[in-house]
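Trainee: I've got this model open and would like to talk it through. Can we go residue by residue?

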Amino acid sequence: MPLYEFVCQKCDCEQELLVRGEEQPQCEACGSEKLARLLSVPAGHTAAPGPSLSGSGPPGSCGTGCGCFPG
Ligand SMILES: [Zn+2]
């Protein structure tokens, strides 16, 4: 059965609920049906590139922890 994460738009609590078919889930805390389903994406994930490595070693180097580092 699909388990979805919801946030209640009434009491603002988050909860995981099983949803079967067209069944409308209810908030376990306040009973409200105004639940917004959260997308199952990892929290905090961004597409932005990591910190720049430029300035530490020659161009193309990944750093001391990488095998391509000449030193
Ligand atoms: Zn609620």
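Trainee: Where does Cys-13 sit, and is Cys-13 buried, partly exposed or exposed?

Mentor: Cys-13 has its place in the loop between S1 and S2, strands being DSSP runs of E with at least two residues, numbered from the N terminus. This is a predicted model, where local features need pLDDT of at least 70, side-chain atom pairs count only at pLDDT 80 or more, and totals for chains, interfaces and linings use all residues. Residues are numbered from 1 along each chain as its sequence is written, and side-chain values use heavy atoms, with hydrogens and water left out. Buried means under 20% relative accessible area and exposed over 50%, with a 1.4 Å probe and protein chains only, so at 22% Cys-13 falls in between: partly exposed.

Trainee: Which atoms are the protein donors of the zinc ion?

Mentor: Donors are N, O and S atoms within 2.8 Å of the metal (3.2 Å for Na, K and Ca), and water is not among the atoms, so sites may look incomplete. Here the donors lie 2.2 to 2.4 Å from the zinc ion, and they are the SG atoms of Cys-8, Cys-11, Cys-27 and Cys-30.

Trainee: Which parts does the pair Cys-11 and Cys-30 tie together?

Mentor: The spacing of the zinc donors in sequence is C-x2-C-x15-C-x2-C. Cys-11 lies in the loop between strand S1 (3-8) and strand S2 (14-18), and Cys-30 in the loop between S2 and strand S3 (35-37), so the pair ties together parts 19 residues apart in sequence.

Trainee: What is the arrangement of the four donor atoms around the zinc ion?

Mentor: Four donors count as tetrahedral if all angles lie between 85 and 135 degrees. The angles here are 102 to 119°, which makes the arrangement tetrahedral.

Trainee: Which backbone nitrogen lies 3.0 Å from a polar atom of the Ser-32 side chain?

Mentor: Ser-32 is in the loop between S2 and S3, and at 9% relative accessibility Ser-32 counts as buried. Its side chain has a polar atom 3.0 Å from the backbone nitrogen of Lys-34.

How values were computed
Four donors count as tetrahedral if all angles lie between 85 and 135 degrees; four count as square planar and six as octahedral if opposite donors are over 155 degrees apart and all others between 65 and 115; anything else is irregular. Helices (H or I, at least four residues) and strands (E, at least two) are DSSP runs, numbered from the N terminus. A polar contact is a pair of N or O atoms within 3.5 Å; within protein, one must be able to donate a hydrogen and the other to accept it, and residues adjacent in sequence count only if both atoms are side-chain atoms.
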